[in-house]
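Subject: Structure handover

Hello,

Here is the structure I promised you. Please open it beside this email and follow along.

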Amino acid sequence: MSTSQATKNCITLKGSATIIVEYLKYGINSILFQRGIYPAENFDSTQQYGLTILMSKDPKITSFLQNVLTQTEEWLAKNMINKISMVITNAHTKEVLECWDFKMQAEVGDGETGDPTKLTSSKELSRIQNEIRDVMRQISATVSYLPLLDCICTFDVMIHTLQNTEIPAQWDETGAVFIQNAQAVQLRSFSTGLHKVDTVVNYKMSS
Amino acid sequence: MSQFNFVSDLQNALIKDGETCGPAPRWKKKLEASLNGSVNTTRSVLSVSYNTSFSGVQPPVKTPGKSTDTKAKKSTTTPTKTPGGGDRFIPNRAATNFELAHFLQVNKDTAEKSDEENEGKNSGNDNNVQASAHKGERQKLISEVAQIGDNKGGRILCYQNKAPAAPETHTNPLKVVYALKTPISTKSGSRYIPTTPERILDAPDFINDYYLNLMDWSGDNIVAVALGSCVYLWNAASGNIEQLSEYEEGDYVCSLSWIQEGQILAIGNSSGAVELWDCSKVKRLRVMDGHSARVGSLVWNSFLVSSGSRDGSIVHHDVRARNHKVGTLNGHTLEVCGLKWSPDFKYLASGGNDNLVNVWSLAGNGVGTATEPLHKFNEHQAAVRALAWCPWQPTTLASGGGTADRCIKFWNVCNGTLIKSVDSKSQVCSLLFSRHYKELISAHGFANNQLTIWKYPTMIKQADLTGHTSRVLQMAMSPDGSTVISAGADETLRLWNCFAPDPLASKKVANVSSNAKKSVFRQSIR
């Protein structure tokens, strides 16, 4: 009995959160590189999802992402996140130029158990990763139609959580961002069986 | 008669279909479903898309049916910005939540109506006030739907220690894709390069000094050259020669530089002053001091002249201001003999007799306030006089060393790394990048006194242009980028037509355009 359990492919809520956070890590780094926000020299290439992805090696950026994503994973595992927004702003004028939304939708997975914390999904990891790869490819392709970010930029990650979420130390509550004259394009979605992730890019139309 | 029956039948069918019989649209079903359940829960379950194209500022529209229509139109327009006609992207309609938007609109509207009816019965005066209150609520509702409705009642959290902004000197590398045309490298690698000079001019008394810059070619097609104590202007179009100025015995010209556009020539002399001359009127405009020794290098950046001197300093002069000295850069201990601004005017490269190449950053703190160079490259083993910026990669700098070094080195000034180093086997006196080809030309001294054309970035030798009988001191490029003039210590100036645009390539372009015209013509006939 136990062996059959072990061989069965099964993703828990925690595992699903790990997969999504991994996607966010590679996705955000890829956006930083593809949109030319930081100098290309500060990136190293790695292989992931069968793609070459450029990861920032700036210690400040990596530690920022590490901190944010660790907390994100914790919340995701408790299904407390509606949406994660990566906001790209002009460093001087603070104007929001672009907003990448990663929307989280809880799913029931196999739905075998009534306890929401013990949900599992039997979706194969390779299938999930293939879906993620397709999204990552689309992120790279966005360069062809997104407007040029012709200024010094910075980025921030905003996490849209439930109302009852405790604010941890070193975290702040902020307001929503608003892009003037915006256009939204939805990319592909992927699902771990427990979370469905939609990726949407909102950008400022150049006049 | 039967045909009339048929017609009336048909009409009936059409009418029926239009009004009652057709299947209920999806939003209607959804509306019914949501009405059955509790309204509040449906709202929170449905995720409202963050599509700000129908923004909260939009005034509320009176007819709900119409308003959803216009929204749908607005939000589904494909992004028009497709630079270079790239991939066509069809936005996903799932991003715009029509059902919810419609539901909220319709729901609100019916509530409003019934309210208004009640109010109307009770008191006519209150009606207006009530209506405006409703308007306000509705505005709020629309703005919620439009943007932040997603997180209704939720919190938006962010980490306190923000990610850093990109460095000030950073430019988006994608800019190249949007704007700049990079020269196409020739396919075969073997294009015809004439190896004999097109023209040879006599240049008596040309000073054979490695540390001076005695020739420049202006945008108006005039070559300025200093011969001994005189400055001559040679009009490359007409061939006219004009003498600009003559110095007294013992004084001589050390550097010449044309303003980017126009007829203003800056002359650095042996007493450490920088003179500005208006060449159309043959008149000296002003003299700017600032150095204790001769000025061997000059470079313009719009209204700014930067001069490098034997005293090791670089001074920025604002030619418009009374107090012209706006900044001093002290990065060299010996004579500064090479000065070049990057094509985007963000970096100034300086080379000196102390074997250093310094790169100064302009961005952020303004001209001349930098006390330390952004990068100090000390890899050269001899004086650096030859400096050139790559026109299609604005952060790539090429530098060439003197007799003891003989290397051409390429630097990435973004991160300060050495990209490539090539031993040219002869002292490097001057470097120029071509604008038409991905090539550069270098001027050399002993043993062959040649000009060498290299392919960049492979650095394969394309051609040697020989002819000078003594070292080549200076090179300048014509305004159209096709011709290079070289000044040798053998007291000759030679013009080389080595970067003439490929006639075949221009023919091809012409062919393509004529073909395109034909096909359009054919289409119109069909």
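Strands E27(B) and E28(B), residues 484–488 of chain B, run antiparallel and are joined by 5 bridges. B:Val472 has B:Gly488 in E28(B) as its bridge partner. Strands (E, at least two residues) and helices (H or I, at least four) are DSSP runs, numbered from the N terminus. Two strands pair if DSSP finds at least two bridges between them.

This is a predicted model: local features need pLDDT of at least 70, side-chain atom pairs count only at pLDDT 80 or more, and totals for chains, interfaces and linings use all residues. Residues are numbered from 1 along each chain as its sequence is written, while chains are lettered from A and ligands numbered from 1 in the order in which they are written.

The sheet around E27(B)

Four strands of chain B form an open, antiparallel sheet in the order E2-E29-E28-E27. Its edge strands are E2 (199–202) and E27 (472–477), and each pairs on one side only. On average, neighbouring strands of this sheet are turned by 20° against each other, direction ignored. The axes behind that angle are lines fitted to C-alpha atoms, for helices over the stretch in contact, and angles run from 0 to 180 degrees between N-to-C directions.

Two hairpins in chain B

E4(B) pairs with E5(B), residues 230–235, in the antiparallel sense over 6 bridges. B:Ile222 stands opposite B:Asn235 there. The two strands form a hairpin with 2 residues between them, and B:Gly228 in the turn has a positive phi of about 65°.

E5(B) also runs antiparallel to E6(B), residues 241–246, with 5 bridges. In this pair, B:Leu233 stands opposite B:Glu242. This hairpin has 5 residues between its strands, and B:Gly239 in the turn has a positive phi of about 85°.

The cores

Which residues touch the most other members of the largest nonpolar core? They are B:Leu214, B:Val223, B:Ala224, B:Val225, B:Leu256, B:Leu431 and B:Leu440, out of 92 residues. Strand E4 of chain B (222–227) gives this core its largest share, 6 residues. A separate core has 61 residues, including A:Ile28, A:Leu65, A:Ile132 and A:Val201.

A nonpolar core is a set of buried Ala, Val, Leu, Ile, Met, Phe, Trp, Tyr and Cys residues joined through C-beta atoms within 7 Å. A residue is buried if 20 or more other C-beta atoms lie within 10 Å of its own, exposed if 12 or fewer, and partly exposed in between; C-beta atoms are placed from the backbone.

Leaving aside neighbours within four places in sequence, the contacts of B:Leu214 include B:Phe206, B:Val225, B:Leu256 and B:Ala487. Two residues are in contact if their C-beta atoms, placed from the backbone, lie within 7 Å.

Chain A and its helix H3

Chain A has 4 helices and 10 strands. Of its 207 residues, 43% are buried.

Helix H3(A) covers residues 59–77. Its 19 residues should span 27 Å at 1.5 Å a residue, and its end C-alpha atoms are 27 Å apart, which agrees. The expected span is 1.5 Å times one less than the number of residues.

Among the buried residues of H3(A) are A:Ile61, A:Leu65, A:Val68 and A:Leu76. Seen down the axis, the buried residues fall within an arc of 170°, so they line one face of the helix. That arc is taken from the directions from the helix axis to the C-beta atoms. On the other side, A:Pro59, A:Lys60, A:Ser63, A:Gln66 and A:Thr70 are exposed. The partners that the buried residues pack against include helix H2 (13–34) of chain A and strand E1 (155–159) of chain B. Just after H3(A), A:Asn79 takes a positive phi of about 60°.

Most residues other than glycine have a negative phi, and most peptide bonds are trans. Look at these exceptions.

- A cis peptide bond joins B:Phe446 and B:Ala447, with omega about 15°.
- Another cis bond joins B:Tyr456 and B:Pro457, with omega about 5°.
- B:Lys425 has a positive phi, near 65°. This residue is exposed, with 11 other C-beta atoms within 10 Å.
- B:Asn449 has a positive phi of about 50°. B:Asn449 is buried, with 21 C-beta neighbours inside 10 Å.

B:Asn449 sits in the loop between E24 and E25 of chain B. B:Ala447 lies in the loop between E24 (439–444) and E25 (451–455).

Best wishes
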